[in-house]
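Here is a short report for a reader new to this structure.

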Amino acid sequence: MKLLSDAGRKAPKVFTGDEHAFEKMLRNEKLDAVIIATPWEWHVPMAVASMKSGTAYTAVEVSAANTIEECWDLVNVYEETGKQLMILENVCYRRDVMAILNMVRTGLFGELIHCRCGYEHDLRPVKFNDGTTYYYDKGDALKMGKDAYAEAQWRGLHAIRRNGDLYPTHGIGPVANYLDINRGNRFLSLSAMATKSRGLHKFILDNGGPDHPYANIDFNLGDIVTTMIKCANGETVIVTHDTNLPRPYSLGFRVEGTNGLWYNDGDMIYIENKSKVPDEWDDAEAWIQQYDHKFWREKGQEAEGGGHGGMDYIMLTDFFDAVKNNKPVPLNAYDAAAWSAISALSEMSVARGGSLVDFPDFTRGKWIKNKPFFALDEGFPMDSERMLIHTIF
Ligand SMILES: NC(=O)c1ccc[n+]([C@@H]2O[C@H](COP(=O)([O-])OP(=O)(O)OC[C@H]3O[C@@H](n4cnc5c(N)ncnc54)[C@H](O)[C@@H]3O)[C@@H](O)[C@H]2O)c1
């Protein structure tokens, strides 16, 4: 409200009162676009209702869906209504992640063989934040006290019931773009294993004591869940979910091909015959500057100060570019389904001791002919081998 009044804009109409108030908004208003940033269990009901109400563009926070049925709901309703659905995976727009996309597409790493990624983030305070104990301030520093911006306890509840990779898209979104998933490639199957669960229980005892309401709860979520995915074109991806233990933040990217690799923990790149010294890492920074994506070349200054290091600004600019110019969204319903499905599939695999579980083909075969689409940068055209593969069909 304050942002709008400060900008001299008129106050928005607010629909509130109960958890179904959004239905009234969708019934009564003609909306250009809807952005959904609610707890996970509301993403699909809201996205489906928005598309069905005729909203041309709907965007949903991550992960988009919790179950395989919900993944199909997103795809089916998108196909039935023809209304656009975007998954708001902001890490796909991170500056280094986009520069690496340019490097991948121009063939700097050669043919991709293996990737790693994950969500390695100490979420213990967030999972049990009741607004009076711990919180992250707007500068992302961990503070104690009372905070109006505190995240509710809904994330913690998922850790009680579920055991799998509950938040895969920050890692897998960028990697899916590198591997052309749904556009010439697809996720075929996965196997996941979870460690024992100790971190959350210890955190509650250490900070809340034995009388804390969760002190006697058995958490299902293993402290570290490791998922290995096999792709149709032969690559493997390891995805790590690590949110219950003390640790600095990382998304743990590694992108490895026949010519070299990027290793994000340490920000290092090695390219055979191009790195300064054979078998020694280059600092990634100079490479990243050289391959800077056009979105950042053009909008990097405007993005400064925007959420999550500016990537939210770059992402929303891309979304609104689609809305204003009547274009397809850059990360669509099939991406939302394939990436989010990792949660439910890893839960199944963990429950079966790591057995292989198949991915549904949410594109129903369209992945074979679909072409790479996300954030193409004419400054860094695709290498001839990649182009050849994409033009055979
Ligand atoms: N992309 C990112 O970097 C990033 C970062 C943080 C959160 N998220 C995602 O954003 C979403 C929200 O997370 P958060 O941390 O802001 O949670 P939060 O609990 O702080 O905020 C959720 C908001 O949704 C509202 N809400 C809940 N049910 C509703 C309903 N039925 N109708 C209308 N409003 C309702 C709540 O009142 C609250 O204001 C989640 O999906 C989360 O995964 C993404």
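## Around Ala336

Neighbours within four places in sequence aside, Ala336 contacts Val60, Ala64, Ala65, Leu74, Leu85 and Ile87. Contact means C-beta atoms, placed from the backbone, within 7 Å.

This is a predicted model: local features need pLDDT of at least 70, side-chain atom pairs count only at pLDDT 80 or more, and totals for chains, interfaces and linings use all residues. Residues are numbered from 1 along each chain as its sequence is written.

## The nonpolar core

Ala336 is one of the residues that touch the most other members of the largest nonpolar core, which has 96 residues. Helix H13 (333–351) contributes the most, eleven residues. The core lies between domain 1 (2–90) and domain 2 (91–298 + 333–392), because both give residues to it. Domain bounds come from an automatic or database assignment.

A nonpolar core joins buried Ala, Val, Leu, Ile, Met, Phe, Trp, Tyr and Cys residues through C-beta atoms within 7 Å. Buried means 20 or more other C-beta atoms within 10 Å of a residue's own.

## The sheet and its helices

Three strands form an open, parallel sheet in the order S1-S2-S3. S1 (33–36) and S3 (84–87) are the edge strands, each pairing on one side only. Strands (E, at least two residues) and helices (H or I, at least four) are DSSP runs, numbered from the N terminus. Strands pair if DSSP finds at least two bridges between them. S2 (57–60) and S3 share four bridges. Ala59 has Met86 in S3 as its bridge partner.

Helix H3 (43–52) packs on the sheet and touches S1, S2 and S3. H13 also packs on the sheet, touching S2 and S3.

Terms used
Buried ≥ 20, exposed ≤ 12 C-beta atoms within 10 Å, placed from the backbone. Contact = placed C-beta atoms within 7 Å. Axes fitted to C-alpha atoms, helices over the stretch in contact; angles between N-to-C directions.
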